[in-house]
Amino acid sequence: MKLVESLLKSPNTSMFDVEQIRADFPILKLKIDGKPLVYLDNAASSQMPQPVIDRMTKYQTMQHANINRAVHYLSETATAEYEKSRHKLKNFINANEEREIIFTSGTTDAINLVAHGYGRKFICSGDEIILTTLEHHSNIVPWQMLAEETGAKIRVVPINDEGELLIEEYKQLFNKHTKFVGVTHVSNALGTINPIKQMIEFAHARGVPILVDGAQTAPHMNIDVQDLDCDFYTFSGHKLCGPTGIGILYGKAILLERMQPFKGGGDMIASVTFEKTTYNTIPHKFEAGTPPIAAAIGFGAAVDYLSSVDLSAIEAYERNLINYATEQISHIPGIRIIGSATEKVAVLSFSVDRIHPHDIGTLLNQEGIAVRTGHHCAQPVMQHYKVPATTRASFSFYNTMVEVDALISGIQKVQKVFL
Amino acid sequence: MITKSLYQEVILDHNRNPRNYGSLDNANRSAEGHNPLCGDHLNIKLNLSEGYINDISFQGESCAICKASASMMTANVKGKTQADAETMIQEFREMTIGKLEPNDKHHLGRLTVFFGVRDLPTRVKCAILPWHTLQAALNSVATISTEADDDPMHVSIGNA
Ligand SMILES: Cc1ncc(COP(=O)(O)O)c(C=O)c1O
């Protein structure tokens with residue numbers, strides 16, 4: 001308990017009132033079978049604060065119509081609010097222009113967009129795409145599909161036992177056939193933060209564009225795409241306190257303009273005849289059909305909310321949480337922490353001797369504790385550690401030290417059941 | 001609560017000391033069961049002659065629910081006819097997906113400790129994997145998967 005006290009008194013956390021933040025999240029008041037909910041599955045999806053819920057309700061109650069189509073009041077309002085959200089996202093990641101922000105249905109959709117729009121146009125037989133062992137399946141499968149179709153090859157950056165990319169090996173993979181790099185900013189299975197700035201610099205020095213999967217980054221730290229100088233960056237609304245069904249692809253305008261459209265339909269065209277269709281300008285070229293307007297507006301409200309909390313304060317607070325959780329769990333006999341990178345976010349993946357993750361998950365649920373068990377859509381990571389699955393506790397800024405304690409005593413209870 | 005009653009002593013005991021665990025020298029049927037969602041896998045070997053399951057064993061890596069289910073299953077079907085085993089497979093499946101109530105007529109005996117799994121849809125597959133695999137072994141299908149299209153019971157499980 002001494003550590004908790006000292007952490008709570010540390011300057012970083014004193015400016016950060018977690019109880020006040022928790023009051024914004026109605027779902028955190030839930031009881032599961034009489035026990036307070038301890039929600040530690042934030043890497044899968046985060047919870048939504050009242051201001052975001054309210055913003056979406058307001059849109060749906062007073063502002064809804066289809067966008068970009070009509071001259072009436074509601075359509076103009078909806079269009080303006082939708083575009084305002086794009087503006088907020090642009091500021092959130094410090095993009096240069098609004099038109100570099102494309103609304104997608106999420107990270108998966110965005111990566112598929114790039115694999116199609118860039119990949120099918122610029123990647124050919126014999127070309128090579130570099131990915132890493134840490135990728136989520138959504139940054140593997142679209143590229144495999146592309147490779148199968150075009151005859152391109154996939155090269156994979158290995159990791160060490162801490163769960164860190166081997167950067168020397170990354171550099172060795174480059175050759176004259178290398179045409180693209182896809183890398184996750186933060187590993188969803190292990191929490192590792194990759195040195196993407198260095199990786200981007202290296203790829204650019206060889207004229208190779210790079211996509212960064214930021215699905216696990218956005219709720220934890222500041223993102224500056226101009227400082228990173230990445231070519232593409234993507235994340236999903238539902239992992240940063242926003243709704244599902246929405247995400248963004250950031251792309252440098254010069255690349256987006258040269259890419260082919262992904263989906264065809266309304267809104268993405270300039271003119272259509274049966275002889276020839278000309279496409280709309282970016283970002284509209286990539287936003288075919290009616291988008292999830294309420295979700296896009298909620299997404300904007302979510303980044304407003306995160307900015308109001310202050311991402312630097314969040315980062316510092318979460319670092320204390322993960323340090324405390326790591327320290328506490330390592331006192332439990334029979335625990336193996338999976339992923340111990342020097343640079344990591346508040347994700348704690350672990351296995352417990354002789355107890356299957358599924359049994360751990362089910363028994364923790366009895367204590368009101370929500371964790372994720374399984375391969376976390378990152379089977380290459382599981383293969384590296386030679387485990388079929390892990391138990392993963394992933395923290396958010398609304399989690400508390402008391403919840404870490406609940407997790408620790410929950411694990412000890414599970415061990416007693418199986419004694 | 002139901003989940004509490006799922007991890008009953010009998011299940012924990014079969015997990016700790018699984019019955020009929022290992023290989024089988026005189027096996028003439030076998031099948032491999034696999035749940036790609038959690039990586040669980042299990043191999044069942046049995047000796048079937050003149051319609052009787054004379055001997056049966058299982059081996060594999062899985063969660064406690066799956067292992068206990070396999071252990072209790074082998075103990076229950078050993079010495080029974082293929083037809084009796086198939087009735088139990090059917091009844092066990094119906095119990096876990098909520099189609100068979102404990103008071104209905106059945107031949108499951110103590111296997112009703114798995115009754116509670118119906119309230120945990122994500123765990124139904126764990127309990128049922130050994131039974132799938134037994135069915136496959138009886139019908140001499142070499143490997144089955146809880147996710148495969150050719151899994152004879154896949155549709156019913158999906159509805160669970
Ligand atoms: C690193 C990473 N990439 C991509 C995704 C896919 O995100 P979505 O399912 O929102 O498209 C996830 C979500 O689990 C993720 O963690």
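A polar contact here is a pair of N or O atoms within 3.5 Å; within protein, one must be able to donate a hydrogen and the other to accept it. With that in hand, here are some close-ups of this predicted model.

**Figure 1. Where chain A meets chain B.** Seven residue pairs are in polar contact between chain A and chain B, counting pairs with both residues at pLDDT 80 or more. Helix 14 of chain A (residues 357-365) gives the largest share of the side of chain A that touches chain B, namely four residues. Sorted by class, that side of chain A has six nonpolar, six polar and three charged residues. In total, the contact draws on 15 residues from chain A and 19 residues from chain B. About 1,400 Å² is buried between the two chains, and carbon and sulfur atoms give 55% of this area. Within chain A, the residues that lose the most area to chain B are A:His358, A:Thr362 and A:Gln366, which together make up 32% of what that side buries.

**Figure 2. The salt bridge across the interface.** One salt bridge is found across the interface of chain A and chain B. Its partners are B:Arg123 and A:Asp359, whose closest N and O atoms are 2.9 Å apart.

**Figure 3. A:Lys344, a buried lysine without a salt bridge.** Look for A:Lys344 in the loop between strand 13 (335-337) and strand 14 (347-352) of chain A. This lysine is buried yet has no salt bridge, and the nearest side chain of opposite charge, that of A:Glu164, is 10 Å away. What does the side chain of A:Lys344 reach? One backbone oxygen, that of A:Gly339, is at 3.0 Å, and the backbone oxygen of A:Val347 is also reached at 3.0 Å. Setting aside neighbours within four places in sequence, A:Lys344 is in contact with A:Leu190, A:Gly191, A:Thr192, A:Ile193 and A:Gly339.

Figure 4. The side chains of A:Asp127 and A:Lys179 meet in a salt bridge, with 3.1 Å from N to O. A:Asp127 sits in the loop between helix 6 (107-122) and strand 5, and A:Lys179 in strand 7 (residues 178-184), so this pair ties together parts of chain A that are 52 residues apart in sequence. A:Asp127 counts as buried because its relative accessibility is 7%, while A:Lys179, at 31%, counts as partly exposed. A second salt bridge joins A:Glu128 to A:Arg155, with the closest N and O atoms 2.9 Å apart. Here strand 5 holds A:Glu128 and strand 6 (residues 153-157) holds A:Arg155, so the pair links parts 27 residues apart in sequence. A:Glu128 is buried at 4% relative accessibility, whereas A:Arg155 is partly exposed at 29%.

Figure 5. Beyond residues up to four places away in sequence, A:Leu131 touches several others, among them A:Ile140, A:Trp143, A:Ile154 and A:Val156. The C-alpha atom of A:Val181, 50 residues apart from A:Leu131 along the chain, is separated from that of A:Leu131 by 6.0 Å.

**Figure 6. A look at chain B.** Chain B has six helices and four strands, arranged along the sequence as α-α-β-β-β-α-α-α-β-α. Of its 160 residues, 50% are buried. B:Arg16 and B:Glu9 form a salt bridge, their closest N and O atoms being 3.4 Å apart. B:Arg16 is partly exposed at 37% relative accessibility, and B:Glu9 is exposed at 51%.

Definitions and conventions:
Residues are numbered from 1 along each chain as its sequence is written. Chains are lettered from A and ligands numbered from 1 in the order in which they are written. This is a predicted model: local features need pLDDT of at least 70, side-chain atom pairs count only at pLDDT 80 or more; totals for chains, interfaces and linings use all residues. Side-chain values use heavy atoms; hydrogens and water are left out. Helices (H or I, at least four residues) and strands (E, at least two) are DSSP runs, numbered from the N terminus. Buried means under 20% relative accessible area, exposed over 50%, partly exposed in between (1.4 Å probe, protein chains only). Lys and Arg count as positive and Asp and Glu as negative; His and the chain ends are not counted. A salt bridge is a side-chain nitrogen of Lys or Arg within 4 Å of a carboxyl oxygen of Asp or Glu. Contact means heavy atoms within 4.5 Å. Buried area is the accessible area (1.4 Å probe) that two parts lose on being put together, summed over both. Ala, Val, Leu, Ile, Met, Phe, Trp, Tyr, Cys and Pro count as nonpolar, Asp, Glu, Lys and Arg as charged, and the others, Gly among them, as polar.
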